[in-house]
Amino acid sequence: MSTTRRDFVRISGLALLVGVGGLTSACQDRTDVLQTPLAHPNLADRLIAVAVSLRGVHALGQDCLNRQSQDDLTEALIERLQVTRADSLGQALVASARVDFSTGRVYEFQDWLLSETECLLAALSVAVGGGTQEEADELVYRSFLTVKGWGPSRTDQGEVFNAQSDGSGAFWIRVDGEASAAVRVVLDGVPLATTVRGGLITAAVTPVDAQRIVSSPGQYPLELLDIARNWIQSVGALVVDPVTAMATLDDGRISTVFCQPAAWGPQQAVEGVPFNEQPGGESALWIQIECAPTDAVMLLSGQRLPTTVSDGLITALVARDINPPPGGHPVELISDAAGERFMLGLLEIRAG
Amino acid sequence: MLRSALTELLPEVLEAQVCVVGGGPAGIVTALELSRRGIEVLLIEAGGKDGPSAGEDAYAGVSSGRPYPLQGSRLRWLGGTSNHWGGWVRPLDPIDFLDRPGQSLPAWPIKHADLKPWYDHADGWCEVPAGDYDIEQLGLMGTGRIFDLSAGQEFQNAFFRVSPPTRFGQRYRSEIAASDRLDCWTDLTVVELIQASAVIREVRAVTTSGTETRVRANQFVLAMGGLEVPRLLLAQSEVPGNQAGLVGACFMDHFGIQPGRLLAADGLRYGMFDWNGQTIIPMLKPAEGLLEDEALPNASIRLAATRPEQFLPPDYWSNRAISALQGGEAMTYDVIFINEPMPDPRSRLTLVDQQDSFGLPRLQLHWHLPPGEFGRALRLVDRFRHFVGQVGLGRFQWLRREGLPEGQTPGIGYHHMGTTRMSAAPDAGVTDPNCRVWDRDNLYVASSSLFSTAGFANPTLTICALASRLADHLADQYRLQP
Ligand SMILES: Cc1cc2nc3c(=O)[nH]c(=O)nc-3n(C[C@H](O)[C@H](O)[C@H](O)COP(=O)(O)OP(=O)(O)OC[C@H]3O[C@@H](n4cnc5c(N)ncnc54)[C@H](O)[C@@H]3O)c2cc1C
């Protein structure tokens, strides 16, 4: 930014003022500074100390500085403050701003209606190198509410959670104390229409968003965002469980006990070489499957194998003395209790 | 008794002392208040007990001026539009009943004090705690949730109460069904007033399947909502109450604008929350003195916490040298004004050639909300933005200084008011102060269509108060009979 001659005059004048006063000591205790009586001999220094300490005035101060016609901001301000007859500097500043509003001495900055007093003060602040303005854009992760409970936390694929009559989904979060009205619930990065009533926060997910989420299994982070302060805190995640299709049996029926296997293996081996070799020298076959009955048995070329059914996985051992010859060997699953049988595929044995 | 004209045998003639047409809040309150006083009442409701049956298309119509959702803004079954209302309740302010600068038509012929006992009664119908709407009594002052404002300042604190919300058709169904004085027929649409000079002799009512009946009564109360009451009147070959050409005229709805942002203390609650066992919505409004002196609309002003804007962050207002906030934090709020519209005969309902399936001509609503209306509202905003500065409450930023261009719809309340306005003399309205249609001896209205002016308060509490008052007035006539 270029400095105009007028700016230069003003700033250098101020620099001089700063030089003579007890700015450093005044800065150390802002409460004291605001309580400075208006008759104080170092009022100008105290005023500068206040200006230096201001927050969030940078943009305003720049604008005011460019528009000001006063050569000495401190003097112009003190003149206004004396008129208020307030007891202290702090009270006089606030009172002077109010008087400005009542007497039409107002000033517009970016469509904000402000008093001339605060404009002068902000200009002074920037002129003496104060007036910090933090970038408010950064989201800060911070636990600002104590969550006592929330829901729903799980749903099945395709199943809108807490479904409302219009197809939207809804969450509730209960927190300790009263939540700020600036709080929004965020699901998978999307802020939701949120209602805050005391310690109960509710939020609606539009039908379109709800469908998008429940159509893909996974975990969707749920967070609380304070839009006024840019604070965000994690609440948990909505889990969308996959709904696994049931397997199709060899006779074309849909299984009542076996889910559609997600994978199985190995599907190839070399003649005479144990595949997926186990500590006892046996080979082993495995199937990833979401659901299966405990009596499930795996078959290799029609021969029942010692089978273990565990959560999401079926394994079967192929004894060392079974040496399937080259060719394709059917791998099957059966449940005698359910009377069901189906083939997973062929284990291909290549010649050694 | 509660019967459906589609499933029960509909007599050719139905008779009672009073016939109430329309089973929304207005009709249900009128009918039950009458039956509780021992009067025999017929309540005729066009829709079903739990849904609109087949007649909802009757609400379709044409809108011009500002686009208006004629269908989406009302429901057609027992309980009427209360089947999806929001439940905000508040009486009109005393000043709303008075003539004010800038009004081209007279205000109400009754005063707030005339309605006060009925407002207390209406609180019960809407299931909110009884008591004055006096913010002082809430004990909110000094809690930091609302501004500490004192009497005499240009803007004041006030609040809405929030009904559960009462679904009138469900909430009062058992009493309707159990009453031996009240005969409620659903699925029956009144389509014609059979008149003989100054009286209504009977009304003709039909079902969606084409069955028809005549309803005879000593008095008829039209309670079909602020659009259907004038529609039925306009559809008659001799339009009752139209001596001043005001049937259907002066349509009003509360319109909302979001003109700006406010930087103020953190923690303000000018929105819905629970407080000491009741749900309330605090708000700000212009003081009566301001409205007495200037052509400004009454309005409610609410604040909703929002993202800080880049030029004047909340930090700015936490500087004690600027805001005098005693060490507190600040917050940016969106500012929402819900404004009182002015009665204007150019904003009106008429009928078009097309008919609905019951043979009633469809409605055309010309919603005339000219830039001047926005101008008044924006002048109030301007007063507010200076006020907050003068008293040191905060700083205001304009987001929108102009009214909405013609053809665009502002925020609306779905409140249909003014179309059969109440007046002190026949040349300024459709009904007299007792809700009777000026030129008919036995035709009455219970609806927000009676509102001479609109204030800013949502209308249902006033509708219920007027309906209770009307029932008492009608019952009086029976008490006086030998
Ligand atoms: C989304 C929404 C939110 C709202 N929120 C609020 C709120 O928070 N606070 C508030 O005060 N107000 C609110 N309102 C307005 C409120 O719903 C109405 O003021 C209230 O329902 C009006 O009551 P009424 O009985 O006059 O009319 P209605 O509720 O419209 O009832 C009229 C009844 O008459 C029947 N009818 C119509 N024509 C005929 C005929 N020819 N023959 C027989 N019967 C007929 C209809 O089927 C209906 O049941 C809201 C409205 C909407 C749409």
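Biologist: How many helices and strands does chain A have?

Modeller: Happy to start there, and please keep in mind that this is a predicted model. Counting the secondary structure of chain A gives nine helices and 23 strands.

Biologist: What share of the residues of chain A count as buried?

Modeller: Here a residue is buried if its relative accessible area is under 20%. Chain A has 352 residues, and the share of them that counts as buried is 43%.

Biologist: Among contacts in chain A between residues at least 6 apart in sequence, what percentage join residues at least 24 apart?

Modeller: Contact here means heavy atoms within 4.5 Å. Taking the contacts in chain A whose partners are at least 6 apart in sequence, the part that joins residues at least 24 apart is 62%.

Biologist: Which residues of helix α5 of chain A are buried, and where do they fall around the axis?

Modeller: Helix α5 of chain A covers residues 58-67, and its buried residues are L60(A), G61(A), C64(A) and L65(A). Looking down the axis of α5(A), these buried residues fall within an arc of 130 degrees, so they line one face of the helix.

Biologist: Let's turn to chain B. Is A158(B) buried or exposed?

Modeller: A158(B) is part of strand β7 of chain B, residues 155-162. Because its relative accessibility is 2%, A158(B) counts as buried.

Biologist: Which residues does A158(B) touch, leaving out those up to four places away in sequence?

Modeller: As a look across the sequence, the C-alpha atoms of A158(B) and Y270(B) are separated by 9.6 Å, with the two residues 112 apart along the chain. The residues that A158(B) touches are R90(B), I135(B), I281(B), P282(B), M283(B) and K285(B).

Biologist: Now the ligand: how many residues surround it, and of which classes?

Modeller: The closest residues to the ligand are E45(B), T81(B), G86(B), W88(B) and T460(B). Elements α1, β9 and α10 of chain B each supply at least two residues of the shell. In all, 36 residues surround the ligand, and by class they are 17 nonpolar, 16 polar and three charged.

Biologist: What percentage of the ligand's accessible area does the protein cover?

Modeller: Begin with some polar atoms: a ligand nitrogen is 3.0 Å from a polar backbone atom of A46(B), and a ligand oxygen is 3.0 Å from a polar backbone atom of G87(B). A ligand nitrogen is also 3.4 Å from an N or O atom in the side chain of N458(B). On its own the ligand has 990 Å² of accessible area, and the protein covers 93%.

Conventions. Residues numbered from 1 in each chain as written. Chains lettered and ligands numbered in written order. Predicted model: local features only at pLDDT ≥ 70, side-chain atom pairs only at ≥ 80, totals over all residues. Heavy atoms only, no water. Near = heavy atom within 4 Å. Polar contact = N/O pair within 3.5 Å; in protein donor to acceptor, adjacent residues only side chain to side chain. Areas by Shrake-Rupley, 256 points an atom, 1.4 Å probe, with all protein chains shown as cover. Helix = DSSP H or I, 4+ residues; strand = E, 2+ residues; numbered from the N terminus. Nonpolar A, V, L, I, M, F, W, Y, C, P; charged D, E, K, R; others polar. Buried < 20%, exposed > 50% of the residue type's maximum accessible area, 1.4 Å probe, protein only. Arc of directions from axis to C-beta.
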